[in-house]
Amino acid sequence: MHAIELDGVTKRWDATMAVDDVSFAVEAGSFVVLLGPSGCGKSTTLRMIAGLEEVTAGRVRINGGDMTDEPPARRNLSMVFQSYALFPHLNVRENIIFGLKVRRVESGERDARLRRVAELVGLDELLDRRPAQLSGGQRQRVALARAIIAENPICLMDEPLSNLDAKLRHAMRVEIRELQQRLGMTVIYVTHDQTEAMSMADRIILLRDGRIEQDGAPDELYSLPASTFVASLIGAPPMNLIDVADGADGAVIEGVGHVVTGGAGAGRRLGIRPEHIEISAGDGLPAALIASDYLGADTIVTARAGKQDVLVRVPGHRKVNNGETVRLSWPRESAHMFDAATGRRIGYADPPAAAIQSGPGADE
Amino acid sequence: MRQVYGWLLLTPAAILLIAFTHYPTVATLWHSFFSQGTAMRPAAYVGLENYLYMLDDEIFWKVVRNNALYAAGTIPASIAIALLMAVWVNGKLPLRGLARMAYFTPTILPMIAVANIWLFFYTPEIGLLDQFMRLFGLPSHNWLGDPDTVLWCIVVLAIWKEAGFFMIFFLAALQSLPPELEEAGRLEGAGRWYYFRRVTFPLLMPTTLFVLINATINSFKLVDQLFILTKGGPDNASSLLLYYIYEVAFSFLDEAYAATLTVALLATLAIIAIGQFFIMDKRIHYR
Ligand SMILES: Nc1ncnc2c1ncn2[C@@H]1O[C@H](COP(=O)(O)OP(=O)(O)OP(=O)(O)O)[C@@H](O)[C@H]1O
Ligand SMILES: [Mg+2]
């Protein structure tokens with residue numbers, strides 16, 4: 001039995017198809033991230049699970065029971081809103097226990113739970129403040145506390161960290177993840193930040209225009225992106241996507257003789273992650289270094305081959321003499337091939353014809 | 001130099017305010033300490049004599065009592081109805097725009113026109129109200145001619161006229177509440193009434209205060225309907241303070257006493273407004 005199961009869920013508003021035939025099932029106790037660019041239907045999906053939005057088609061099951069037409073309160077789940085949705089006239093204590101009061105939990109039990117939760121999220125000192133008297137991070141904690149005090153096994157979060165600064169965001173990320181594991185909650189977490197998704201998720205469901213583009217563990221999305229769309233979203237900086245053309249001995253980059261991979265080139269795109277490319281003096285793709293972006297632990301160097309820019313991650317600090325010519329090389333198992341027209345993955349790139357003669361190894 | 005500019009910019013507004021608000025107020029206060037002058041006898045300073053006369057004036061007390069009843073009848077009812085209508089038309093409702101407009105219509109009609117409409121309702125025998133009563137076999141009644149019912153007729157009319165206006169303020173305030181709050185409430189299982197009582201109503205407090213002050217002032221200010229419907233009668237049973245002031249000044253031509261009554265009205269309004277502000281202020285500031 002799955003904690004949450006979506007079966008062909010669709011949401012349409014007159015002209016817009018916000019969510020289009022989405023199906024997935026979430027294991028109890030897992031942390032699932034809905035990732036995707038703005039407007040791809042993440043919030044709508046989450047709101048349909050919560051029951052705040054009616055589905056146009058499809059079924060929503062929670063703990064095995066069909067909840068498609070049940071009101072939100074009957075679904076036994078909590079939600080953290082992007083804007084926190086704290087009641088401005090109630091103090092922190094009243095905000096947290098709002099739901100317990102609605103459900104008439106008796107006051108001894110209520111106070112005990114409040115004490116436990118307030119300590120858990122570090123709010124014990126602030127219970128008498130109003131939301132307006134709190135910092136963004138503290139408000140975030142109140143929203144979180146209100147969600148967990150209900151002791152619902154499922155918690156939905158809609159970009160809960162988007163209003164925080166980078167440092168606080170990192171701290172809260174760790175806290176939420178730790179809390180989820182400690183309490184064994186099932187969390188569906190919406191974000192458009194791939195770093196957040198990669199670092200927190202047991203599993204990422206990547207949405208594009210209301211459809212699931214890829215569904216898998218973070219390292220699966222990283223190492224086997226199903227399309228150029230996934231490849232360009234996961235990783236910082238994301239995968240290089242290089243247009244290739246037909247050459248005499250295999251695919252080449254327009255204007256550069258060097259064979260980058262075996263097989264046909266036209267109609268395909270080569271994907272290589274910046275961290276898998278090495279700058280070497282000997283063999284490889286000739287390129288000119290044109291810029292560098294120093295990040296501290298490493299440097300992102302921009303190299304130009306033909307008309308295409310290729311990002312390379314180099315450890316440490318690397319100065320670039322403009323126009324300095326180098327050779328770029330990469331292990332052949334880290335080169336990916338995509339169909340240029342559909343963007344779908346074809347497989348790992350074929351090795352250059354000279355090296356191996358075997359055919360393309362499609363893995364999907 | 002900049003100061004000169006500042007003052008120049010202020011001047012037009014200041015002139016209007018002084019000429020039409022501050023000066024008349026002070027002049028009224030001044031007049032209330034003088035006797036009514038005639039051709040033979042110029043006005044003379046009489047100190048508090050006008051005020052002592054007022055305290056002995058039976059009609060004054062009757063009018064004050066009427067006005068208190070009128071305020072007590074119109075203010076809570078019009079606010080409650082306004083709030084109810086606002087919550088109602090704020091929801092998902094077919095023909096919502098039409099409903100909003102219908103509720104707002106009484107507000108844009110001039111009071112004189114409204115009074116004429118209601119005159120037709122209240123007319124004995126042929127009026128709408130009497131025709132309605134006849135359906136239930138009840139006898140005809142002269143609603144506006146009976147001292148026991150006339151004031152309540154005026155009250156009902158005022159509620160009908162004001163509720164739509166106040167609804168607009170409540171509606172604006174309701175629309176400015178973030179929808180996530182309601183969603184959060186729904187997730188926690190809060191029913192509509194519970195949510196209204198614990199969240200919506202407290203969050204509407206600033207608007208309620210604003211509306212309350214306006215309603216209070218209106219209950220002293222809005223007397224146009226008396227000119228059409230009752231002229232304050234019968235036997236002053238429907239006369240209100242401001243209408244009485246009008247009568248004293250322009251029918252009895254006693255400007256000095258009218259000034260005295262006006263000072264009493266202004267003082268009452270000021271005290272009520274300040275009182276409401278301070279009492280309510282404590283309870284509505286959550287930011
Ligand atoms: N109430 C609505 N009426 C009509 N269209 C809507 C409504 N709510 C959302 N949409 C549309 O549905 C699509 C998906 O919206 P949704 O809010 O789910 O996006 P999202 O992935 O959460 O984006 P973001 O990251 O910006 O929050 C968008 O194209 C949006 O314009
Ligand atoms: Mg969203």
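Reader: Is A:Cys155 buried or exposed?
Author: Buried, at 1% relative accessibility. A:Cys40 is buried too, with a relative accessible area of 1%. The cut-offs are under 20% relative accessible area for buried, over 50% for exposed and partly exposed in between, with a 1.4 Å probe and protein chains only.

Reader: OK, before I go on, what am I looking at, and how is it numbered?
Author: This is a predicted model, where local features need pLDDT of at least 70, side-chain atom pairs count only at pLDDT 80 or more, and totals for chains, interfaces and linings use all residues. Residues are numbered from 1 along each chain as its sequence is written, chains are lettered from A and ligands numbered from 1 in the order in which they are written, and side-chain values use heavy atoms, with hydrogens and water left out.

Reader: What ipTM does the complex get?
Author: The predictor gives an ipTM of 0.77, along with a pTM of 0.79.

Reader: Switching to ligand 1: which residues surround it?
Author: Among them are A:Trp13, A:Ser38, A:Cys40, A:Lys42, A:Glu159 and A:His192. To count, a residue needs a heavy atom within 4 Å of the ligand. By type, the shell has 3 nonpolar, 7 polar and 2 charged residues. Ala, Val, Leu, Ile, Met, Phe, Trp, Tyr, Cys and Pro count as nonpolar, Asp, Glu, Lys and Arg as charged, and the others, Gly among them, as polar.

Reader: What lies 2.5 Å from an oxygen atom of ligand 1?
Author: That's a polar side-chain atom of A:Ser38. An N or O atom in the A:Lys42 side chain is 2.8 Å from a ligand oxygen, and a polar backbone atom of A:Gly41 is 3.0 Å from one.

Reader: Which element gives the most to that shell?
Author: H1 of chain A, with 3 residues. Helices are DSSP runs of H or I with at least four residues, strands are E runs of at least two, and both are numbered from the N terminus.

Reader: How many helices and strands does chain A have?
Author: Chain A has 9 helices and 22 strands.

Notes
A polar contact is a pair of N or O atoms within 3.5 Å; within protein, one must be able to donate a hydrogen and the other to accept it, and residues adjacent in sequence count only if both atoms are side-chain atoms.
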